[in-house]
Amino acid sequence: MSSLALFTACSDDSLGLTSKASSKLVLNSAAFQDHITRSLLHPHFLLSDPFLRGKRKAPRRRVEEERGLQTQDQPEEREYVLYSAPPTLTLAQKWGLVASPAGRITEDEWTRVKARSVRQGDSAQPCAICREEFCLQPQVLLSCSHVFHRACLQAFERFSGRRCCPMCRKEQYETRVIHDAARLFRHQCATRIQACWRGYLARKRYRKLRQSVWPKDKRLRRKFFEAKLQELNDSFVQYCHTDTEAFLTDINRSLSSSRRVFQQLERKHVSEPQESDWDRIQSQVVQRGVWDCPICLTALCSLSLPTEADASSHQQRRRTVLLSCSHLFHQLCLEAFEAFSTESRPSCPLCRSAYHKKLI
């Protein structure tokens with residue numbers, strides 16, 4: 001039964017009454033019933049439904065206005081108030097039986113409400129209804145300074161059957177679309193991107209620094225130089241573009257030729273030592289203290305070099321030869337070595353240098 005039909009029925013009944021007070025009481029009752037139906041219950045529920053389950057019938061013009069405002073303001077992220085048109089007064093409010101709703105909040109009041117919400121940090125916290133972050137989803141600010149997802153608030157109003165704040169239970173609030181959480185989310189994303197990029201640059205700079213500056217730790221420094229040597233070796237092999245075995249064989253051949261040339265030059269420029277030089281060489285032999293023949297590995301003539309006074313006592317023993325390179329050999333051992341040598345002028349069996357020899 002609609003409010004107009006109820007009011008007409010009450011008026012027809014009141015004509016039959018003789019008391020003026022009874023007529024006024026009936027009218028007030030109808031006004032209160034209309035007020036309860038339109039304000040306390042959800043405005044989109046129907047009284048004809050026994051379970052108060054009606055389909056939401058939002059005014060088409062209002063929905064189109066909201067979509068139009070949202071489409072225009074979304075690129076610029078402008079804030080706007082939902083349901084900006086003032087609500088229609090009930091019969092009880094028109095007659096003064098119930099206090100009329102307060103006037104619309106001005107722009108300055110919205111600024112103070114938003115400042116209070118910013119101080120509380122509501123946009124940085126999850127939505128109080130779904131407990132999820134706002135991210136880039138539509139966000140609404142109520143006149144009581146509480147912030148929710150727009151879809152969450154609409155779902156709460158639809159399933160609760162009344163229009164009140166989910167946090168403070170304030171009724172007859174106003175709703176304003178804001179974008180504070182979206183700005184915070186973009187700022188956080190930009191900060192993370194910058195942190196990742198700066199970390200990448202720092203790691204890249206550190207890798208370059210490690211390639212040029214060796215570490216102070218001994219073990220790490222050894223690994224550093226091993227890696228550098230391996231890198232140089234690999235680059236050198238790649239640059240050759242030839243067979244590695246043939247290349248190394250050529251190097252060995254060149255080294256042998258160079259060593260042969262230097263040995264020949266050394267033999268040509270070796271001069272025969274003087275008597276003072278032989279004395280110095282003998283002192284080196286005594287300081288070294290080696291009295292075994294390096295060829296036959298047997299003992300030499302004595303533990304000390306003989307002199308001219310006792311030379312006759314050692315005639316029957318094996319003769320010892322002193323080389324200009326300060327090495328001692330048995331004469332027979334050295335002559336056998338020279339006989340089996342393929343070179344025109346043999347070199348010392350130990351140091352491979354040209355020599356002059358002297359019997360002692």
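Me: How many helices and strands are there in the protein chain?
Reply: The model is a predicted one, and the elements are therefore assigned on predicted coordinates, as DSSP runs of at least four residues for helices and at least two for strands. On that basis the protein chain holds eleven helices and seven strands.

Me: What percentage of the residues in the protein chain are buried?
Reply: A residue counts as buried when its relative accessible area is under 20%. Applied to the 360 residues of the protein chain, this gives a buried share of 25%.

Me: Among contacts with a separation of 6 or more, what percentage is accounted for by residues 24 or more positions apart?
Reply: Contact here means heavy atoms within 4.5 Å. Of the contacts in the protein chain with a separation of 6 or more, the share that belongs to residues 24 or more positions apart is 54%.

Me: How many salt bridges does a search of the whole structure find?
Reply: Side chains of opposite charge can pair when their charged atoms come close. The search across the whole structure finds salt bridges to the number of ten.

Me: E79 and R176 meet in a salt bridge; how many residues apart in sequence are the parts that the pair ties together?
Reply: The side chains of E79 and R176 meet at 3.3 Å, N to O. Because E79 lies in the loop between α3 (60-73) and β1 (80-82) while R176 belongs to strand β4 (residues 175-178), the pair ties together parts whose separation in sequence is 97 residues.

Me: In which helix do R183 and D180 both lie?
Reply: The side chains of R183 and D180 meet in a salt bridge at 3.1 Å, N to O. R183 is partly exposed at 36% relative accessibility, whereas D180 is buried at 12%. The two residues are three residues apart, about one turn of the helix, and that helix is α7.

Me: Which residues are linked in a network of salt bridges?
Reply: The pair of E79 and R176 and the pair of R183 and D180 both have their residues in this network. The linked residues are E79, E107, K114, R176, D180 and R183.

Me: K358 and E275 also meet in a salt bridge; how many residues apart in sequence are the parts tied together by this pair?
Reply: The side chains of K358 and E275 meet at 3.5 Å, N to O. Since K358 lies in strand β7 (residues 357-359) and E275 in helix α10 (residues 275-288), the parts tied together are apart in sequence by 83 residues.

Me: Which residues form the positive surface patch?
Reply: One member, R205, lies in helix α7 (residues 180-212) and is exposed, with a relative accessible area of 56%. The patch as a whole is formed by R203, K204, R205, R207 and K208.

Me: About what area does the nonpolar surface patch made by W197, Y200 and L201 have?
Reply: L201, which is in helix α7, counts as partly exposed at 31% relative accessibility. Together with W197 and Y200, L201 makes a nonpolar surface patch of about 300 Å².

Me: Which residues does S117 touch, not counting those up to four places away in sequence?
Reply: S117 lies in helix α5 (residues 107-120) and is buried, with a relative accessible area of 4%. With residues up to four places away left out, S117 touches D122, L141, S145 and V147.

Me: Is S143 buried or exposed?
Reply: S143 is placed in the loop between β2 (139-142) and β3 (147-149), and its contacts beyond four places in sequence include W110 and Y173. Its relative accessible area is 8%, so S143 is buried.

Note on methods: Residues are numbered from 1 along each chain as its sequence is written. This is a predicted model: local features need pLDDT of at least 70, side-chain atom pairs count only at pLDDT 80 or more; totals for chains, interfaces and linings use all residues. Side-chain values use heavy atoms; hydrogens and water are left out. Patches are made of residues with over 30% relative accessible area and no salt bridge: like charges are joined within 9 Å, nonpolar side chains (Val, Leu, Ile, Met, Phe, Trp, Tyr) within 5 Å. Accessible areas come from the Shrake-Rupley method with a 1.4 Å probe; for residues, only the protein chains shown count as cover. A salt bridge is a side-chain nitrogen of Lys or Arg within 4 Å of a carboxyl oxygen of Asp or Glu. Lys and Arg count as positive and Asp and Glu as negative; His and the chain ends are not counted. The place of a charge is taken as NZ of Lys, CZ of Arg, CG of Asp or CD of Glu. Buried means under 20% relative accessible area, exposed over 50%, partly exposed in between (1.4 Å probe, protein chains only).
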